[in-house]
Amino acid sequence: MHVARGRNGLGLALVSAFAFGGSGVAAKPLIEAGVDPLHVVWLRVAGAALVMLPVAWRHRALVRGRPVLLIGFGLLAVAGVQACYFAAISRIPVGVALLVEYLAPALVLGWVRFVQRRHVTRRAAVGVVLAVGGLACVVEVWAGLSFDAVGLLLALGAACCQVGYFVLSDQGSQDRRSGATTPDAQPPNPVGVIAYGLLIGAIVLTAVARPWHMDWSVLGGGVAMDGTDVPAWALLVWIVLVATVLAYASGVVSVRLLSPAVAGVVACLEAVIATVLAWVMLGEHLSAPQLIGGAVVLAGSLIAQSATPATPSGPVASGPGDGGAAGGSTDSATEARLPAGPATP
C-alpha cells in the first residue's frame with residue numbers, strides 16, 4: 001500500500017513538474033508579442049481562479065475553518081512566488097533568479113531539521129545538493145552573473161515563498177498520520193485550498209499588475225512560436241488549464257504521498273522540463289553543460305527517492321503551533337512530508 005502511494009505521489013509530482021515546466025514555453029511568445037510579463041501572470045492566476053470557482057463554492061467551509069491557511073496560500077504560494085520571481089528577473093538574469101529560487105528544497109530541509117526538529121536523512125540532503133548543482137548547469141548560471149542586491153533578495157523572496165507553499169500545503173497531514181479523527185483535525189481538502197489560494201492570489205495580483213492597462217488586442221491575434229503562427233488564446237488556455245490548474249492540483253495532492261526530499265527535488269525537474277520544451281518548441285538549443293546538468297538533477301531525484309522509507313514508524317516531533325510534541329515512537333528514517341513546490345511562470 002505504501003509503495004503504491006509513493007508511486008502515485010511521484011507520478012503526480014512529475015505531472016506537476018511537466019505542467020509547470022510548460023508554462024514558460026507558452027508564456028514567452030505572448031511576452032514577445034507585447035504582453036507585459038506581470039500581465040501574463042495575472043491572466044494565468046485570474047483565469048485559473050475562475051475555473052476553480054465551483055470548487056471554491058463546494059469547499060466554502062474552509063473559509064471558516066482554515067482562513068489563515070487560505071490567506072497564506074494565496075499570498076505565498078500563488079501571488080508571492082509569481083510576483084517576486086518576475087520582479088527579480090527585471091534586475092538579474094533569469095538563470096540566476098531561477099537558481100536562487102530553487103534553493104527552496106534546501107531551505108525546506110533546513111526548516112524540517114531545525115524548526116520542526118525532524119530527522120532528515122543524509123542521502124536526501126545529498127540528493128538536494130546534486131539537484132541544485134545540476135540546476136546551475138541547466139540554467140548556465142555562469143553565462144551572465146549580475147550581483148544586483150535587490151534582485152537577489154527578490155529571488156530569495158521567491159524561494160522563501162516556495163518554502164511557505166511547502167509548509168502550508170501539508171497543513172493537517174500530521175493530524176492524519178497521528179490518527180486524529182475529529183472533523184477539525186482532518187487535513188483540509190487540497191484542491192479546495194488551491195481554489196481559494198488562486199482567488200486570493202488573483203485579488204492581490206490585480207492590485208499589483210493593474211490589468212486595465214494591458215493591450216488586450218494581442219490575445220485576439222496570433223503570436224510566433226519558433227516561426228509558426230499560433231493563436232494567442234490557445235496559449236493562454238494552456239497556461240490557465242494545464243500550467244496552473246493541473247499543475248497546482250497535482251502538485252498539492254502529491255503532498256500526502258511524498259517525503260520532503262522527493263517532493264522538493266522532483267520540483268527541480270521543472271527547470272529541466274522547461275529547458276527541453278524550449279529546445280523542441282522554441283528552438284532554444286541545449287548546450288553540453290545543460291545536458292550534463294539535467295542528468296545530475298535526475299540523479300539527485302533518484303537518490304532522494306531511494307532515501308524514502310517504505311513505511312513510517314510513527315509520528316515525529318511536532319513543529320511550532322502543533323500544540324507540543326506528538327506521541328509515539330520515531331524512526332531515524334522517518335521524514336516530514338511536504339509537497340512539490342510551485343514553479344515560476
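A residue counts as buried when its relative accessible area is under 20%. Gly 192, at 0% relative accessibility, therefore counts as buried. Please keep in mind that this is a predicted model. The chain has 345 residues, and 51% of them count as buried. Its secondary structure comes to 14 helices and 2 strands.

**Overall picture**

- The accessible surface of the chain is about 14,900 Å², and carbon and sulfur atoms account for 67% of that area.
- Taking the contacts with a separation of 6 or more, 85% are between residues 24 or more positions apart.

**Around Gly 192**

- Gly 192 is part of helix α11.
- Setting aside neighbours within four places in sequence, Gly 192 has contacts with Val 55, His 59 and Leu 62.
- From Gly 192 to Ala 249 the C-alpha distance is 9.5 Å, although the two are 57 residues apart in sequence.
- Ala 249 turns up again among the contacts of Ile 194, together with Met 52, Phe 73, Tyr 248 and Val 252, once neighbours within four places in sequence are left aside.

**The nonpolar core**

- In soluble globular proteins, nonpolar side chains tend to be buried together.
- Here, the largest nonpolar core has 93 residues.
- Leu 30, Phe 73, Ile 194 and Leu 198 have the most contacts inside this core.
- Helix α12, which spans residues 232–253, gives the core its largest share, with 11 residues.

**Aromatic pairs and a charge over a ring**

- A pair of aromatic rings is described by the distance of the centres and the angle of the planes.
- You will find 2 aromatic pairs in the structure.
- One of them joins Phe 20 and Tyr 248 edge-to-face, with 5.2 Å from centre to centre and 80 degrees between the planes.
- This pair links distant parts of the chain, as Phe 20 lies in helix α1 (residues 2–32) and Tyr 248 in helix α12, 228 residues apart.
- Phe 20 has 1% relative accessibility and so counts as buried; Tyr 248, also at 1%, counts as buried too.
- Trp 42 and Trp 216 form an edge-to-face pair because their planes stand at 90 degrees, with the ring centres 6.1 Å apart.
- This pair, too, links distant parts of the chain: Trp 42 is in helix α2 (residues 37–51), while Trp 216 is in the loop between α11 (190–209) and β1 (222–225), 174 residues apart.
- Trp 42 counts as buried because its relative accessibility is 14%, whereas Trp 216, at 45%, counts as partly exposed.
- Arg 60 places its charged end over the ring of Trp 57, 4.2 Å from the ring centre.

- The mean pLDDT of the chain is 75, and 75% of the residues reach 70 or more.
- Where pLDDT is low, the predicted coordinates should not be read in detail.

Key: Residues numbered from 1 in each chain as written. Heavy atoms only, no water. Core = buried A, V, L, I, M, F, W, Y, C linked by side-chain atoms within 4.5 Å. Buried < 20%, exposed > 50% of the residue type's maximum accessible area, 1.4 Å probe, protein only. Helix = DSSP H or I, 4+ residues; strand = E, 2+ residues; numbered from the N terminus. Contact = heavy atoms within 4.5 Å. Phe/Tyr/Trp six-rings, centres within 6.5 Å; stacked < 30°, edge-to-face > 60°. Lys NZ or Arg CZ within 6 Å of the ring centre and 35° of its normal. Areas by Shrake-Rupley, 256 points an atom, 1.4 Å probe, with all protein chains shown as cover. pLDDT = per-residue confidence, 0-100.
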